[in-house]
Amino acid sequence: MAAEGQAHERAAMATAEALLGETVAERRAGPPENDLLGRVIERWADAPRREADRGIARDVILVHLGSMSNLFAALGWTIVHLLLHPDVMARARAGEDGLLERCALESTRLGQRSIMLRAVLQPVEVSDESTTYTLAPGTVVATFLPLTNTTAAPGLDHYDPDRWLRRRLRDEADLATRELVTTFGHGKHTCPAMPFSLAAMTRSVGRLLDHYELHPAFTTAEPLPGQIGGVARSAAPCPVGYAVRAA
């Protein structure tokens, strides 16, 4: 019965697999590309062709499904922050190279509400309101990203897309360790959907700015209090008026 109840979903997935199969076939016919899809294809290189085609398609589908809610939250903050900083929005409209991706990274940094596990490398003391704990090397501690993302260095508590140089902080060397500020993770733990998410955000925002005049009907925007996990949702609606831009 469960399988019958998912007939529409399975049919949609089969359609997506067929369409993605065409894209994969085109990729195989050309030189390898080191983007997200290219890396997914490479991971299935040793599997039989039919199994590989299905696995590649389902990995791509999973990336899309896994990124949906957080992607739209990060996209929303990117738009909100641009509306609250019209000088930055004007630069983006003027076509400043790489600015929209830096805006997306900065909004994602400020919107992060994820928990990250960190291993203690040397003895450290951690105090709460009543007790001080001594943590031995090897202890794993759960840290809350909005705390480290905004306090690991001076100035991180406010919006500034120019703090980014491509996909890294300009002043990363000033951090005790670069992992203290996280958007999509670091090293082998980097989110595999990072290239797709940044491309989706920058292209969507770019098209909005190109085609519409946007007028915020809000003056401030704050994350939802108490949210733990993912990218923050707004505590209150952020209505935006729009009009088609003159050609």
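Is Cys-103 buried or exposed? Cys-103 counts as buried, at 0% relative accessibility. The views below come from a predicted model.

View 1. A disulfide here needs the sulfur atoms within 2.5 Å. Cys-238 is therefore in no disulfide, with the Cys-103 sulfur 17 Å away as its nearest. The structure as a whole holds zero disulfides.

**View 2. Cys-238 is partly exposed.** Its relative accessibility is 22%. The cut-off for buried is under 20%, so Cys-238 does not count as buried. Cys-103, at 0%, does.

**View 3. Four residues make a nonpolar surface patch.** They are Ile-115, Leu-117, Val-140 and Ile-228. The patch covers about 430 Å². Ile-115 lies in strand S1, which spans residues 115-119. Ile-115 has a relative accessible area of 49%. Exposed means over 50%, so Ile-115 is classed as partly exposed.

**View 4. Arg-166 has a positive phi.** The angle is near 55°, in a residue other than glycine. Arg-166 sits in the loop between strand S5 (164-165) and strand S6 (168-169). With a relative accessible area of 64%, Arg-166 is exposed.

Technical notes
Residues are numbered from 1 along each chain as its sequence is written. This is a predicted model: local features need pLDDT of at least 70, side-chain atom pairs count only at pLDDT 80 or more; totals for chains, interfaces and linings use all residues. Side-chain values use heavy atoms; hydrogens and water are left out. Buried means under 20% relative accessible area, exposed over 50%, partly exposed in between (1.4 Å probe, protein chains only). Patches are made of residues with over 30% relative accessible area and no salt bridge: like charges are joined within 9 Å, nonpolar side chains (Val, Leu, Ile, Met, Phe, Trp, Tyr) within 5 Å. Accessible areas come from the Shrake-Rupley method with a 1.4 Å probe; for residues, only the protein chains shown count as cover. A salt bridge is a side-chain nitrogen of Lys or Arg within 4 Å of a carboxyl oxygen of Asp or Glu. Helices (H or I, at least four residues) and strands (E, at least two) are DSSP runs, numbered from the N terminus.
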